[in-house]
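Subject: Structure handover

Hello,

Here is the structure for you to open alongside this note. My findings follow below it.

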Amino acid sequence: MRNLVQRLRLFGVIVSLGVFTSCSAVGRQLPTTAAYHTQVVLLGTGTPRADPQRSGPATAIVVDDTPYLVDAGPGIVRRAAAAHDKGIKGLAVANLQTAFITHLHSDHTVGYPDLIFTTWVQGRHGPLKVYGPSGLEAMTKYIMLAWQVDIDVRTKGLEQRSATGVAVDPHDVRPGLIYQDPNVNVTAFPVAHGELQAFGYRFQTPDRTVVISGDTSPSPALIESCQKCDVLIHEAFSEEYTPADMPNWLQYRPKYHTTTSQLAEMANKMQPGLLIVHHRGVGPPGREISDEQYLAEIRRTYRGKVVIGQDLDVY
């Protein structure tokens, strides 16, 4: 009996040591994930309409104070500065060094020169890395040529600014994994936006999966990329939206954009943790389509968590 008791005690010690070792191993792993913090910051939620309340399309995925930008609509750098002033430390202007462009429509790219030159003048010292569809490299080349006088004066004149800081490293990409670093893996997937080559992007960080649609009509590739992703950021147009300057809108829209009912149908298939609607058609002054109507149209058939994004929202 004494030997049996001793054996049981020894077994208990061994089990206790095993449990302690396992808990210690888990404890060592937790900080790797828990230390990361991913924020989605809406820098611009607008459309081509010059709406003072909504800057052009631009989103920041901020991982541990490192920002990754998607699209460069008008106002992007000033919106980043505003977000920084509201407490998003990673969006200091000089930190804006990596960007992804969904497609080359002007409302998504006219802030690109601003992103290049303002960040340089305000302290960026390394090359700006930019990824996007075919034509981005050529666009970058001609932007740099267009601002050559400015570059020459600032690098060779009294300012003596670094030529390295104004450098841009553009990449025309194909679908698949296009970027990775210790914070994030970024995958590009094709979406349908009329005649333009266009991409959506999936950001996989240690603590969140964020998918952004870009401009698109309903896309099977997007549905595949966001299967219960944490955050889906998607464009939408109300069924009642009709722009005054495009009489053929009903022929144009199905090839280029997604309606609220179509988005609800897709969201039911994807089941994101949070659906953020941005780049939505508001309508002309006096006939604006309210956020409440957008929510009501989507909630007719979708019961998941959904919000209508506003500039400088943080999720």
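Six strands form an open sheet in the order 1-2-3-4-5-6, with mixed pairing. Strands are DSSP runs of E, at least two residues long, and helices are runs of H or I, at least four residues long, both numbered from the N terminus. Two strands pair if DSSP finds at least two bridges between them. Strand 1 and strand 6 (168-172) are the edges, each pairing on one side only. From one strand to the next, the twist averages 20°.

This is a predicted model: local features need pLDDT of at least 70, side-chain atom pairs count only at pLDDT 80 or more, and totals for chains, interfaces and linings use all residues. Residues are numbered from 1 along each chain as its sequence is written, and side-chain values use heavy atoms, with hydrogens and water left out.

Strand 3 (residues 66-70) and strand 4 run parallel, joined by 2 bridges. Leu 69 has Ala 99 in strand 4 as its bridge partner.

Two helices lie on the strands. Helix 2 lies across strand 1, strand 2 and strand 3, at about 135° to strand 1. Helix 4 lies across strand 5 and strand 6, at about 150° to strand 6. Axes are lines fitted to C-alpha atoms, for helices over the stretch in contact (heavy atoms within 4.5 Å), and angles run from 0 to 180 degrees between N-to-C directions.

Now the core. A nonpolar core is a set of buried Ala, Val, Leu, Ile, Met, Phe, Trp, Tyr and Cys residues joined through side-chain atoms within 4.5 Å. Buried means under 20% relative accessible area (1.4 Å probe, protein chains only). The largest core has 31 residues, and Leu 43, Leu 69, Leu 91 and Tyr 112 have the most contacts inside it. Helix 3 gives the largest share, 5 residues. Another core, of 29 residues, lies apart from it and includes Phe 189 and Met 270.

Last, the rings. There are 13 aromatic pairs. Rings of Phe, Tyr and Trp (its six-membered ring) pair if their centres lie within 6.5 Å; planes under 30 degrees apart count as stacked, over 60 as edge-to-face and the rest as tilted. Phe 100 and Tyr 201 make a tilted pair, 5.6 Å centre to centre with 55° between the planes. Phe 100 is in strand 4 (residues 98-100) and Tyr 201 in strand 9 (residues 196-204), so this pair ties together parts 101 residues apart in sequence. Phe 100 is buried, at 0% relative accessibility. One aromatic cluster includes Phe 100, Phe 199 and Tyr 201.

Best wishes

Definitions and conventions. Buried means under 20% relative accessible area, exposed over 50%, partly exposed in between (1.4 Å probe, protein chains only).
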